[in-house]
Amino acid sequence: MEYKELRYERLCRVFGEEDQFSVHDVGFGLGHRRDHLRRRYADRTITWSGSEVTPAFVEHLRGVEPGIDVHLRDLASSPG
């Protein structure tokens with residue numbers, strides 16, 4: 001999982017020093033990037049949402065955090 005942490009750190013460079021930011025995670029899988037953001041930026045306000053094509057991943061995250069803003073959809077076939 002170390003490679004994922006490195007990847008997430010590099011992707012997160014775009015946030016800079018902002019106190020607040022939002023992320024829409026396309027293809028969120030099991031929510032590892034969301035977990036990374038919460039650990040790494042615990043002192044900031046993050047609005048996280050996600051889209052996923054795999055029903056089991058959506059169900060998993062909704063089970064972990066009821067009310068989370070996740071969507072079951074294939075953005076390649078129907079954006080938005």
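Analyst: Happy to! Buried here means under 20% relative accessible area, exposed over 50%, and partly exposed in between, with a 1.4 Å probe and protein chains only. By that rule, 29% of the 80 residues of the chain count as buried. This is a predicted model, where local features need pLDDT of at least 70, side-chain atom pairs count only at pLDDT 80 or more, and totals for chains, interfaces and linings use all residues. Residues are numbered from 1 along each chain as its sequence is written, and side-chain values use heavy atoms, leaving out hydrogens and water.

Now to the core. A nonpolar core is a set of buried Ala, Val, Leu, Ile, Met, Phe, Trp, Tyr and Cys residues joined through side-chain atoms within 4.5 Å. The largest one has 12 residues: C12, F15, F21, V23, F28, L37, Y41, W48, V58, L61, I68 and V70. Two or more of these come from β1 (20-26) and likewise from α3 (55-64). In soluble globular proteins, nonpolar side chains tend to be buried together.

Leaving aside residues up to four places away in sequence, L61 touches F28, L30, G31, R34, W48, I68 and V70, a contact being heavy atoms within 4.5 Å.

Among contacts between residues at least 6 apart in sequence, 56% join residues at least 24 apart. Along its principal axes, the C-alpha trace spans about 35 × 25 × 25 Å.

Terms used. Helices (H or I, at least four residues) and strands (E, at least two) are DSSP runs, numbered from the N terminus.
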